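User: I have a chain open on my screen and want to understand how it is put together. Can you go through it with me?

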Amino acid sequence: QVDIDKLTLQESETRLANKKKLLESVISLVSKGAETKQVLDDLETEVKALSLTVEKDRASVALSASRLREMDAQVRYAEAEADKTDSLQRKIYLENLASYYIKTSSGKLKKRKKNGITLQVDQMIHYRGDVFVVFEIVNKSNIDFEPEYLRLYLSQGNRKRNASYQKLLKEPFFRYEFPEIIPKGQKKRFVYVLPKFTIGEKEKMEVELREQKGRRHLRIRFRQ
């Protein structure tokens with residue numbers, strides 16, 4: 001509609017410009033007695049009418065542009081609300097799956113004990129386009145354990161040979177029930193969700209757990 005209104009305005013402005021040129025010529029002819037005053041009056045009336053038409057068409061263009069901006073804002077708002085709905089549904093979906101895997105996972109891919117802390121990777125589940133990794137931390141020490149971080153890497157080579165050792169951080173896009181603290185004598189299970197990936201023939205998964213403001217640090221390497 002905006003384009004149509006702009007084209008209409010363009011045509012009106014062209015007609016007005018042509019009439020104004022004709023009016024200038026008629027004024028000159030009237031002054032020389034070569035044209036009548038009636039013709040001049042009629043032409044001036046036409047110019048005034050065309051001027052009003054141009055103003056009207058300009059107002060129509062402005063109104064159409066305003067409506068277009070308003071419609072565009074409404075569309076963007078609707079899209080944003082749809083994205084929020086999709087994100088919420090996605091979050092609920094991930095929470096339900098992670099909760100299910102925490103309850104049903106009974107595997108033990110790899111575990112490591114150190115200073116009364118046990119870090120265990122229970123299971124890696126590939127489901128559709130996501131990878132769910134179920135962890136368990138057991139605290140059998142005499143003090144609470146507060147994780148600073150738990151990181152997951154894809155590693156290759158030998159850590160003792162720095163030249164051949166490489167690792168790539170695999171950042172989860174969703175964490176489910178990652179604990180802020182594991183009180184002494186308790187255990188916590190949680191899930192990391194990552195985008196789907198594959199483990200190469202010479203690659204391994206590496207998990208690193210570090211204590212916040214403490215010295216306890218555990219590392220696990222495993223293949224699925």
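Analyst: One term to begin with: a contact means heavy atoms within 4.5 Å. Among contacts in the protein chain between residues at least 6 apart in sequence, 62% join residues at least 24 apart.

User: Where does the model come from, and how is it numbered?

Analyst: This is a predicted model, where local features need pLDDT of at least 70, side-chain atom pairs count only at pLDDT 80 or more, and totals for chains, interfaces and linings use all residues. Residues are numbered from 1 along each chain as its sequence is written, and side-chain values use heavy atoms, with hydrogens and water left out.

User: How many helices and strands are there?

Analyst: The protein chain has two helices and nine strands. Helices (H or I, at least four residues) and strands (E, at least two) are DSSP runs, numbered from the N terminus. From that end the order is α-α-β-β-β-β-β-β-β-β-β.

User: What is the strand order in the sheet of five?

Analyst: That open sheet runs β1-β2-β3-β7-β6, with antiparallel pairing; two strands pair if DSSP finds at least two bridges between them. β1 (110-114) and β6 (174-176) are at the edges with a single partner strand each, so one side of each has no neighbour in the sheet.

User: How many bridges between β1 and β2?

Analyst: β1 and β2 pair over five bridges. Lys110 stands opposite Val121 in β2.

User: And the sheet of four?

Analyst: It is open too, in the order β5-β4-β8-β9, with antiparallel pairing. Here β5 (166-169) and β9 (217-222) are the edge strands. Six bridges join β8 (residues 203-211) to β9, and Met205 stands opposite Phe222 in β9.

User: Change of topic. Which residues touch the most others in the largest nonpolar core?

Analyst: Of its 23 residues, those are Leu119, Val133, Phe135, Leu150 and Val207. A nonpolar core is a set of buried Ala, Val, Leu, Ile, Met, Phe, Trp, Tyr and Cys residues joined through side-chain atoms within 4.5 Å. Buried means under 20% relative accessible area, exposed over 50%, partly exposed in between (1.4 Å probe, protein chains only).

User: What does Leu119 touch?

Analyst: Not counting residues up to four places away in sequence, its contacts include Lys110, Leu150, Val207 and Ile220.

User: What share of the chain is buried?

Analyst: Buried residues make up 33% of the 224 residues.
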